[in-house]
Amino acid sequence: MHGVGVNEEKYLSVTPVETKKFRQENKFDEHFVILCTGELNKNKNQQVLVQAMEEVVKKCPNVLLLLAGNGPEEMNLKDQIEEAGLSACIQLLGYHTDLEKIC
């Protein structure tokens with residue numbers, strides 16, 4: 001299907017050394033990281049993830065949710081994250097073409 005699919009080779013080319021370095025540089029090395037990728041729109045419904053994080057952080061305080069993507073719901077998500085007091089454990093990464101490094 002046009003526009004859908006993953007080049008597996010691109011993801012397999014990242015070494016464990018590169019992964020460790022990336023986690024350290026981004027201060028992810030002590031966190032359990034959850035990554036969600038996709039356009040920030042109502043259909044993808046990232047708002048549910050933000051709501052769920054309110055409970056998740058109670059049981060796993062070192063969790064970090066990364067939302068990679070952009071879209072019309074970005075400002076609403078930012079507001080929701082701030083209002084819930086979750087800015088320390090949810091990061092909006094914006095649009096990325098190097099998701100293999102984040103994965």
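Helix α2 gives the most to the lining of the second largest pocket, with five residues. Helices (H or I, at least four residues) are DSSP runs numbered from the N terminus. A pocket is an open set of points, on a 1 Å grid over the protein atoms alone, where a 1.4 Å probe fits, with protein on both sides within 12 Å along at least five of seven lines; lining residues have an atom within 4 Å of a point. The model is predicted: local features need pLDDT of at least 70, side-chain atom pairs count only at pLDDT 80 or more, and totals for chains, interfaces and linings use all residues. Residues are numbered from 1 along each chain as its sequence is written, and side-chain values use heavy atoms, with hydrogens and water left out.

Besides α2 (16–25), α5 (99–102) also gives two or more residues to this lining. Among the lining residues are E18, K21, F22, D98 and K101.

The largest nonpolar core has 13 residues, and V50, M53, V57, L86, C89 and I90 have the most contacts inside it. Such a core is a set of buried (under 20% relative accessible area, 1.4 Å probe, protein chains only) Ala, Val, Leu, Ile, Met, Phe, Trp, Tyr and Cys residues joined through side-chain atoms within 4.5 Å. At least two residues of this core come from each of α3 (46–59), strand β2 (63–68) and α4 (74–83); strands (E) are DSSP runs of at least two residues. Apart from this core lies another, of seven residues, including F28, A68, L99 and I102.

Of the 103 residues of the protein chain, 27% count as buried.

Technical notes
Buried means under 20% relative accessible area, exposed over 50%, partly exposed in between (1.4 Å probe, protein chains only).
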